[in-house]
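Colleague: I have a structure open and would like to go through it with you. Could we take it one topic at a time?

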Amino acid sequence: MKKQKLAILGSTGSIGTQTLEIARQHPDKFEIVALTAHSNWELLAEQVHEFNPAYVLISNEEYYTNLKQAVSGTKVMSGAEHLPAIASLPEVDTVLNSLVGFAGFESTLEAIRSGKKVALANKESLVVGGELIMAELVKSEAQLIPVDSEHSAMLQCLVGESMDDIEKIIITASGGPFREFSKEQMQQVTVEQALDHPNWNMGAKITIDSSTMMNKGLEIIEAHWLFDLPVEKIQPVIHPQSIIHSMITFIDGSSKAQLGLPDMKVPIIYALSYPDRFPLDTPRMNWNEAQNLTFEPVDFDKFPCVRLAMDSISKGGYAPAVLNAANEVAVERFLNKEIGYIHIPEIVKESLANIVLNDSLNTETLKEIDKETRSYAHTIIK
């Protein structure tokens, strides 16, 4: 079996570093061809020394000289505009896209156009441009395999099943750190509290999204595109233990669930090995211990971001792109302590109400609406 040749976009982030842990466990199965990072050039240089990729890219050009001086024998590139070129390298088989935000969209698109297998951890690719990406996927020989634990669970439950037999997808959410908070308590939430997730170890942006449950809204949009289902057939539920990652209910009344400890390496290796499975040295569930698995409905009043996301995909067009851009700005402003926690959904809601574009959907107009929304979202709540 020949080695799978990987390009890892965002190799110094949480998903990227865990992917490299998997590569260490399976040196006979993976060859690292390209690595990219935004600004963490020191860790990127360490990764280059260990894995000897042919290409390395630092998005923030300020650190190009540092990286260039720190490595040898590897082609060093800089600038985010070259990420799609890395994603479409002819010597790459699989692109793992763990870039954060809208920046990952074009790389996903180019990888698909180039016929790659795309292990997608950049949920914004489908949120912003799902219609364009799925259209390209139909025309190419590419594969799009989700890395999100929830969508990986859905895919695993659907192996061998007919899509026509799906009655409903149940997408689980931990509820984050504020599941038991009152609306009054949520008005006083600090950055430090929001970054303290009870189950998962993730980057700052996705951790805040988890606390507002915007991540669940984005995942519902992803599921809509990945499995070609109306949003009405995708139901979010709170599952605090994060053991069941998603469930499928079928038209005969039976349900399938995928279970496992909260460990992102599991969906990562499934995406890389699909349709096969590779062994993974990671903790297992202990079925000799009593398990307490509980479920409760989502409080849309307390977590308005979920409803905003679901409404945006029902509205269609550019609404999901507006939702995504406004949320990215709002989260950044909250992390910088410019706004309060409860202002995040307010900024998203106001942006959705005021940013409208009637032009046909394409890459350039998506960039326009993204730029316009970001500019507008910075002006709300000063």
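Colleague: Which residues does Leu366 touch, not counting residues up to four places away in sequence?

Modeller: Please keep in mind that this is a predicted model. With those neighbours left out, Leu366 touches Phe102, Phe105, Val128, Gly129, Leu132, Tyr318, Ala321 and Leu361.

Colleague: And which residues of the largest nonpolar core touch the most other members?

Modeller: They are Ile86, Leu144, Leu323 and Leu366, in a core of 86 residues. Helix 14, residues 319-335, gives the most to this core, with nine residues. Another core, of 34 residues, lies apart from it, and Ala23, Val147, Met264 and Ile268 are among its residues.

Colleague: Let us stay with helix 14. At what angle do the axes of helix 13 and helix 14 cross?

Modeller: Helix 13 covers residues 304-315, and its axis crosses that of helix 14 at roughly 150°. The two axes come within 7 Å. An angle over 145 degrees counts as roughly antiparallel, so helix 13 and helix 14 are described that way.

Colleague: Which residues make the contact?

Modeller: Helix 13 contributes Leu308, Ala309, Ser312, Ile313 and Lys315, while helix 14 contributes Ala319, Pro320 and Leu323.

Colleague: Now a new topic. Where does UniProt place the feature "binding site"?

Modeller: The unreviewed UniProt entry places it at Asp148, Glu150 and Glu219. These residues are spread over 72 residues of sequence, yet they cluster in space, with a largest C-alpha distance of 8.3 Å.

Colleague: Is Asp148 buried or exposed?

Modeller: Asp148 counts as buried, because its relative accessibility is 8% and the cut-off for buried is under 20%. Asp148 sits in the loop between strand 7 (143-146) and helix 7 (149-158). Apart from neighbours within four places in sequence, Asp148 is in contact with Leu120, Lys123, Glu219, Glu222 and Pro267.

Colleague: What about Glu219: where does it lie, and what does Glu219 touch?

Modeller: Glu219 belongs to helix 11, residues 214-226. Glu219 also counts as buried, at 3% relative accessibility. Residues up to four places away in sequence aside, Glu219 touches Lys123, Asp148, Glu150, His151 and Ile171.

Colleague: Next, helix 10. Why is helix 10 described as largely enclosed by the rest of the structure?

Modeller: Helix 10 spans residues 204-212, and seven of its nine residues are buried, so the description follows from that count. The buried residues are Lys205, Thr207, Ile208, Asp209, Ser210, Ser211 and Thr212.

Colleague: What covers them?

Modeller: The cover of the buried residues of helix 10 includes helix 6 (124-139), helix 9 (191-194), helix 11, helix 13, helix 14 and helix 15 (343-354). Helix 10 is followed by Met213, which has a positive phi, near 70°.

Colleague: One more residue, please. What does the side chain of Thr36 reach?

Modeller: The side chain of Thr36 reaches the backbone nitrogen of Gly10 at 3.0 Å. Thr36 lies in strand 2, residues 30-37, and counts as buried at 0% relative accessibility. Among the residues that Thr36 touches, beyond those up to four places away in sequence, are Ile8, Leu44, Leu83 and Ile86.

Colleague: Finally, which residues carry the UniProt feature "domain: DXP reductoisomerase C-terminal"?

Modeller: The unreviewed UniProt entry places that feature at residues 259-375. Over residues 259-375, the chain is 54% helix and 3% strand, with the end C-alpha atoms 41 Å apart.

Conventions: Residues numbered from 1 in each chain as written. Predicted model: local features only at pLDDT ≥ 70, side-chain atom pairs only at ≥ 80, totals over all residues. Heavy atoms only, no water. UniProt positions renumbered as here; feature names shortened; annotations may be inferred. Helix = DSSP H or I, 4+ residues; strand = E, 2+ residues; numbered from the N terminus. Buried < 20%, exposed > 50% of the residue type's maximum accessible area, 1.4 Å probe, protein only. Contact = heavy atoms within 4.5 Å. Core = buried A, V, L, I, M, F, W, Y, C linked by side-chain atoms within 4.5 Å. Polar contact = N/O pair within 3.5 Å; in protein donor to acceptor, adjacent residues only side chain to side chain. Axes fitted to C-alpha atoms, helices over the stretch in contact; angles between N-to-C directions. Parallel < 35°, antiparallel > 145°, perpendicular 65-115°, else oblique.
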